[in-house]
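Have your viewer ready and try each task before reading its solution.

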Amino acid sequence: YAFGFFHHIPHPNFKGGHVTAGGVVYHGGSYPSQYTGQYIGANLLSNSVQVHSLEPNGSTFKNEYTHDLLNANDPWFRPVDCALGPDGSVFIADWHDKRATHVDPKDDWDRSNGRIVKIEADGTEPVALFDLREKSSAELVEMLNHPNHWYRRKSNRLLAERKDETVIPGLRSALEDPSNESPLEELWALYVSGGFNEEIGLNLLDHSNEYIRAWTVRFLGDERERSSEVVERLIHLAEIEPSGVVRSQVASNCKRVTGEQMLSILKNLLERNEDAEDPFIPLLLWWALEDKAASHSTDVVTLFSEPGFWDEPIVEGTIVERLARRYTADPTDSNLKAAESLFSLAPDDESRSLVIAGFAKGLQGQSFEKMPQPLAAILLKVLDENPTRESLVFALRLKHPRAIDIAIEKASSSNTESSERVELIETLGEISSRDALLPLTELIGIEVPASVQEASLRALENYSDPAIPKHLYSVMDHVSENIRSRSINLLAGKEEWTLEFLAKVDQEEIPKDYATLTPLRRMTLHRNEDLLALVENHYGNIGQESQGLLKGRIRGVTSILGLKEGDPEKGHELFTNVCAKCHKLFGEGNEIGPELTSMDRKNKEWMIANTVDPNSIIRPEYQSHVIETADGAILTGMLAQSTEDAVTLITGENETLTFPRDEVEEIYESNLSLMPEGLLDPMEPDQVQDLFAYLMKEE
């Protein structure tokens with residue numbers, strides 16, 4: 001962008017600031033408390049420069065909006081970045097564009113409108129021209145304590161370029177000075193000047209400042225070789241370090257040491273109960289452990305030999321199930337042996353349930369000509385007279401006949417909890433048990449909870465049998481509108497069943513309006529000209545609408561929204577019912593489609609266009625796919641996972657379907673968004689107003 005215009009705004013409430021890496025400007029406070037207090041951030045979505053509070057949150061930070069420092073009266077004001085000036089003022093880069101997010105990959109936006117805005121405190125004196133490059137290295141070191149962060153960062157950059165060894169003794173002394181208010185700047189300067197080494201690092205691990213210790217761990221980890229003394233200190237640090245910031249850095253360095261060394265560090269970190277709710281540390285520890293789960297499986301499993309280790313919050317909440325899943329997802333001989341050992345070490349029923357649940361998830365989509373002995377041995381121990389929910393799903397994944405019988409009985413019983421029935425039904429569908437076909441089909445009916453019927457319809461996607469459409473037609477007039485639509489959607493997946501349905505519509509045996517847009521779109525995926533002609537004959541063009549018609553719809557919605565403001569509370573209910581199954585807004589909903597909170601929701605024109613014409617722009621990460629199975633079924637959705645063993649699809653109804661890889665005939669990209677056109681058509685004008693009032697409201 002050519003930022004060609006300069007706007008100077010003296011501000012009576014702005015007292016100057018300093019900036020850290022990433023361009024976030026901190027307002028108020030003094031170094032070294034720069035990591036807490038208030039900061040200034042440019043928000044291109046709200047056309048404002050905002051003040052936020054910043055507080056520690058375990059190993060990281062959390063922020064909260066407090067107020068606006070600057071609010072633009074120009075909807076094109078897009079503050080994309082901010083930077084500090086040497087006089088303490090803040091420079092804002094204004095993108096100046098009607099669109100905040102360029103989701104359109106075409107390079108068609110105006111690059112000539114950029115502006116620069118300067119915010120400064122009243123009475124700020126101009127700074128005379130100067131060049132820090134003319135300063136001596138010693139003078140640059142002095143500027144590392146300057147109250148304006150601009151000078152500190154520029155000085156550190158210049159010291160990095162010079163690598164002047166004469167400053168090293170002074171920097172070392174400054175780091176040892178307890179009265180030093182900016183030791184982190186000295187540490188960075190020491191490192192970039194070539195003065196950091198292992199001896200200094202070992203001493204700095206005892207420094208009183210947690211950020212000095214954290215960066216020291218990072219610098220020691222960056223060294224190509226680490227002595228045994230460094231590793232021993234890291235092991236000890238993992239045990240006694242009081243700061244989550246430092247422990248997080250130790251966890252991040254685990255993969256930089258040998259497997260045996262890493263497991264010693266990990267064991268100590270996994271026993272730090274205070275990190276169980278940390279936003280990052282538990283998964284950092286899993287990231288490290290997973291790397292050695294197969295190559296050092298014996299040593300990894302040995303960690304679990306102490307019964308008390310299983311009770312550690314991070315181990316129980318983050319590690320056990322993932323490790324069990326890792327071993328069965330890649331069922332090599334050594335991994336399955338490790339899985340058997342892990343199960344045998346589980347000290348109680350709760351721990352065994354976690355292990356078995358992980359095993360079941362890892363086995364999803366897999367099949368064995370002959371059940372491996374370690375899994376058979378585990379199965380004998382868990383499939384007793386009263387199998388648990390987890391052990392039953394595990395046994396189903398292995399297609400054990402007795403488990404199938406028990407699961408069918410439980411899934412068919414109204415005495416079984418609905419959530420357990422749903423899990424068992426979905427698993428029966430994934431393994432395509434022939435014995436389960438009729439029981440699953442018969443669960444579609446008015447006396448069965450909706451969640452169970454929906455699960456049965458998902459499970460039946462894996463079957464091709466004339467008993468399915470026969471039963472669905474027998475109950476179609478009596479089930480709810482939702483179950484009816486999902487039933488027709490199931491029929492639409494197979495060409496033969498689709499033709500039968502359209503014939504019944506043609507003969508007026510079934511009301512035409514039973515078919516909603518979702519199953520109709522699925523019907524059009526079949527490559528059968530006669531079928532497509534029948535769809536068009538009864539329902540018109542189900543494919544993409546013409547641009548002229550879409551433009552007319554956009555004008556109509558724009559006109560409706562211009563009549564009056566809607567009610568956001570009523571719009572919230574509409575969002576929950578219509579949009580939340582695919583989109584998340586203000587932390588509510590799902591993420592099949594783009595997260596809406598950070599979208600350009602104040603741009604009414606953009607919001608209307610993308611709601612009315614969802615196919616105009618489909619971002620690559622939300623590209624839908626079509627799957628054709630070996631038995632002729634066609635499905636469309638987001639490709640959630642594709643492995644050698646299985647393919648998992650998330651449909652536009654937010655349903656997850658998994659197919660064994662050997663049952664998938666073809667996968668290809670769809671040119672249609674999962675979000676259907678005509679989403680607003682069934683709504684009354686006041687409902688459209690309410691929905692957009694909620695979609696466009698401030699967070």
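A crossing of two helices is right-handed if the near helix is turned clockwise from the far one by less than a right angle, and left-handed if it is turned anticlockwise. Please keep in mind that this is a predicted model.

**Exercise 1.** Describe how helices α7 and α9 pack: at what angle do their axes cross, and which residues make the contact?

*Solution.* 
- Step 1: Locate α7 at residues 228-240 and α9 at residues 259-270; their axes come within 7 Å and cross at roughly 15°.
- Step 2: Angles under 35 degrees count as roughly parallel, so α7 is roughly parallel to α9.
- Step 3: Viewed for handedness, the crossing of α7 and α9 is right-handed.
- Step 4: From α7, the contact uses V231, L234, I235, A238 and E239, while α9 brings in Q261, S264, I265, N268 and L269.
- Step 5: Sorted by class, the residues in this contact are six nonpolar, three polar and one charged.

**Exercise 2.** Work out the strand order of the five-stranded open sheet, and find which strands stand at its edges.

*Solution.* 
- Step 1: The order is β15-β14-β13-β12-β16, with antiparallel pairing.
- Step 2: The edge strands are β15 (656-660) and β16 (664-669); each has a single partner strand, so one side of each is left without a neighbour in the sheet.
- Step 3: On average, neighbouring strands of this sheet are turned by 45° against each other, direction ignored.
- Step 4: Now zoom in on one pair: β14 (residues 646-650) and β15 run antiparallel and are joined by five bridges. Within this pair, L649 stands opposite L657 in β15.

Definitions and conventions: Residues numbered from 1 in each chain as written. Predicted model: local features only at pLDDT ≥ 70, side-chain atom pairs only at ≥ 80, totals over all residues. Heavy atoms only, no water. Axes fitted to C-alpha atoms, helices over the stretch in contact; angles between N-to-C directions. Helix = DSSP H or I, 4+ residues; strand = E, 2+ residues; numbered from the N terminus. Parallel < 35°, antiparallel > 145°, perpendicular 65-115°, else oblique. Contact = heavy atoms within 4.5 Å. Nonpolar A, V, L, I, M, F, W, Y, C, P; charged D, E, K, R; others polar. Pairing = 2+ DSSP bridges.
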